[in-house]
Amino acid sequence: MAIFSPTISHRRTEPQAATPPPMRVAIIGAGRGGTALLDVLHQIGTIEVVGVIDKNPTAPGLRRAQELNVAVYDQVPDLIKDQHPSLVMDVTGDPAMESSLQEQVPPGTGIVNGQTSRLLWLLVQHETTLQTELLHAEKLAGIGSFAAGIAHDINNPLQLILGLAENLTDETDLEAVHAQAEDIIDAVKRTTAICRDLTSYSRRTSLRPDGLISVNGKLDEALKIARYAVALQDIEIRKDYQPDVVAKGNPDQLLHVFVNLITNAVQAMEHQGILTLETATVDGGTQVRVSDTGSGIAPELLNRIFDPFFTTKPPGKGTGLGLYNIKNVIHHMHGSISVESQVGRGSTFTLTFPGETGQAEGEAS
Amino acid sequence: MSEFKSGFFVGGESCNGRVLVVDDEPDIRKVVRMTLQKGGYDVLEAENGEKAIEVINSGENRLLLDVIICDIRMPKVNGIEAIAYFRQNYPRVPLIVLTGFPDTDMATSLLRQGVVDYLVKPVEGEKLKASVARAMEQRELAHL
């Protein structure tokens, strides 16, 4: 269901006009190293990965390359003939590949292999760690804005507990005493749930392995967290969920993505409007749409919103890392994110994840 | 109508005054009612600013309401908007803010607008009753 007609669509991966042509890079080896290298290089606008090669057709990097629309090959000469890379990166660690490359690559084309390749692999690992750290730092910075919501949700039950306990000091009706004691127990339980939600949200995410995540469940969980950061009382929330949709990734990171998108959407509406959360299966993959009826994003800003440290919020209100981190998480999950926006009408963020079969962890049916 | 004084009869019961409690949480309205009724007050409730405006404008309330206790974070018309309305249209009815969020800037700004007290939940029954009693004194002074 669309609530407005989008006029602008932008994907971060489109090359920018009026910039020098990107460096054309080919990656040889699609194992763990090649996949990680592909992921990092793909995020850099001035580099175009033109092809990935592996003799093993089931190598993980080949699948990743196909998801990113990067050509895959099993022979080096074919790739060089088709794509004319300016740099070939050999991450196979295979001495035979090292010597054969010297003969296959035309003069003028750079080659990275051996120890240099290993150094790059270490840098890529370092970059991946930094991205995880940045995500955590941004999440903790965001929790600062939860103070008002947390105070509201703790102090209200505390008022109930205090009021009832004061009344109990001279309440003579035994039935009323029992009922009010039950109310106190319920209020305490509600208060502890707040701490449980928030501690699980703020914990570090890097240690949890990727698994199948129930997307609808995560969206609902994110709504619970987001209401600490933004006032949802006057926001109409519409949910249009397809049952049992899943995505593969780190559940904590996906929760963070959803919290961020919902928070942004609500902030764009200034406390009044419609927040629409939709999930669907599209072309075998999972699609999530988060739409608002808020202020929208100016066309000239659309291609910058995923850049690090870019923010339209006043100083101290936004880190400028929210959408940048979201983009990194989505890429890590082998998905994509795009935005449609119309100034004065609202924005829709569309997330697409590759199709997965199976049941999400922790789901009964 | 300015000769009206509190300590009147409502429904045949003796009453120290009529208080409107505005809060979106039914639990809060319940305990505040409990506390104030023990103090001899007649208590009305509203779940948001919009309802509160309806209540104060209905029937005898526009004349008989003595004190308003108002939350800030509420749906529809929030506390800030409701307080502005009450100050404008019922400047003689004293206002007490009872909120879950201790915000010094907001407290200062509201007290400047004439709110008589800014209480942060959880507030003890005695303190709440004392605050309402002080507000009642202001109300009576306003009638002189």
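**Strands and their partners**

Tutor: Leu277(A) stands opposite Val290(A) in β11(A). Strands (E, at least two residues) and helices (H or I, at least four) are DSSP runs, numbered from the N terminus. This is a predicted model, in which local features need pLDDT of at least 70, side-chain atom pairs count only at pLDDT 80 or more, and totals for chains, interfaces and linings use all residues. Residues are numbered from 1 along each chain as its sequence is written, while chains are lettered from A and ligands numbered from 1 in the order in which they are written.

Student: In which sense do β10(A) and strand β11 of chain A pair, parallel or antiparallel?

Tutor: Two strands pair if DSSP finds at least two bridges between them. Here β10(A) and β11(A) (residues 285–291) are antiparallel, over seven bridges. Their hairpin has two residues between the strands, and Asp283(A) takes a positive phi near 50° there.

Student: How many bridges join strand β8 of chain A to strand β10 of chain A?

Tutor: Six bridges join β8(A) (residues 235–240) to β10(A) (residues 273–282), and these two strands run parallel. Within β10(A), Ile274(A) is the bridge partner of Glu236(A).

Student: How is the packing of two helices described?

Tutor: Two packed helices are described by the angle between their axes and the distance between the axes. Axes are lines fitted to C-alpha atoms, for helices over the stretch in contact, and angles run from 0 to 180 degrees between N-to-C directions. In chain B, helix α2 (residues 49–56) and helix α4 (residues 79–89) pack at about 25°, with axes 9 Å apart. The two helices α2(B) and α4(B) are therefore roughly parallel to each other (angles under 35 degrees count as roughly parallel, over 145 as roughly antiparallel, 65 to 115 as roughly perpendicular and the rest as oblique).

Student: Which residues make the contact?

Tutor: Two residues are in contact if their C-beta atoms, placed from the backbone, lie within 7 Å. From α2(B) come Gly49(B), Ala52(B) and Ile53(B), and from α4(B) come Gly79(B), Glu81(B), Ala82(B) and Tyr85(B).

Student: How many residues does each chain give to the contact of chain B with chain A?

Tutor: Chain B gives 19 residues and chain A gives 16 residues. On the side of chain B, helix α1 (residues 26–38) supplies the largest share, five residues.

Student: What does pLDDT say about chain B?

Tutor: The pLDDT is the predictor's confidence in each residue, from 0 to 100. Chain B averages 86, and 88% of the residues score at least 70. Over residues 1–12 of chain B, however, pLDDT stays under 50.
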